Amino acid sequence: KKVVISGGLNILEFQVAKSLLNLKIPYFLWIESFNLKEGNSLFLPFRYLIRKFLFTNSVSVICGSKMSVEHARKMGAKSVILNWTSFNIYKFNFEKLHQGNFLKILFVGRLIKRKRIFDILKALNGLNDYTLDIIGNGPLYRSLSDFSKKNSLAVRFIGEVDYEKMSEIYKNYDILILPSESEVFGYVVIEAIMSSLAVIVSDQVGAKDFVREDFHFKVGDIRKLRENILKLRDSNLRNELVKYSKELVLNYAKPEDWVNRFLEVLKD
């Protein structure tokens, strides 16, 4: 028998794993997360010990990104398998040709500190020929709005949008930016790529595997983010990045391939 349990951090998963080991039943872990620091810092040692136990006692750890692979190895996993996170990517598939140097920029996500949305606003400060639409709600709405007004930024706050409408929404934009200080994966990256947007991400976004490396930037590096935005005024470069990223997604993150790879692991 082989049992798959998630690679989370809670006591239930620890108890399941311990019971399996007592019964001499091997188990697999399936994870995306590579960050132990999220949540109450008082429980960090507890989260660390649970994950260490789970990883070192599993047959193998199946990881959703290269960042989670690195994490699993550091935590003592004996065998690590990369199986990129996937979902129904086809509903977002849209082909378009980028033209012109006016940029329609998009951010999608919760308006919370971890997403570092202020970094986008700071990078845009003083620039022209762009608009930024922010889709999502959260506790930082007021301060983000105040900052945008104070600095006369071309920003619109759209609020929450029904997920079923997002495949149509993406079609209206040129660039997606995800500057998070910690992002387990970042499904919006894949959605945007499939919708033919060029993407800029921080180096702590799991889905950076699908974005050309020169359009990654270190968390908090406003100057580099600004440089990347300015580069993407070149519509030919946007088309080049879309082609590069979409090929990667279709080669490595198709949902049917994800299922098949997962099943092959269990058969072995």
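Strand β6 (residues 130-135) and strand β7 run parallel and are joined by four bridges; strands here are DSSP runs of E with at least two residues, helices are runs of H or I with at least four, and both are numbered from the N terminus. Two strands count as paired if DSSP finds at least two bridges between them. Within this pair, I135 stands opposite G159 in β7. This is a predicted model, in which local features need pLDDT of at least 70 and side-chain atom pairs count only at pLDDT 80 or more, while totals for chains, interfaces and linings use all residues. Residues are numbered from 1 along each chain as its sequence is written, and side-chain values use heavy atoms, leaving out hydrogens and water.

Six strands make up an open, parallel sheet in the order β7-β6-β5-β8-β9-β10. Its edges are β7 (155-159) and β10 (216-217), each pairing on one side only.

Next, look at β5, which holds L103. L103 counts as buried because its relative accessible area is 1%, where buried means under 20%, exposed over 50% and partly exposed in between (1.4 Å probe, protein chains only). Beyond its neighbours within four places in sequence, L103 is in contact (heavy atoms within 4.5 Å) with residues including Y130, I175 and L232. S235 is 132 residues from L103 in sequence, yet their C-alpha atoms are 9.3 Å apart.

Finally, turn to helix α3 (residues 66-74), where you will find H71. H71 is buried because its relative accessibility is 9%. Leaving out residues up to four places away in sequence, H71 touches I31, S33, F34, L36, R51 and F55.
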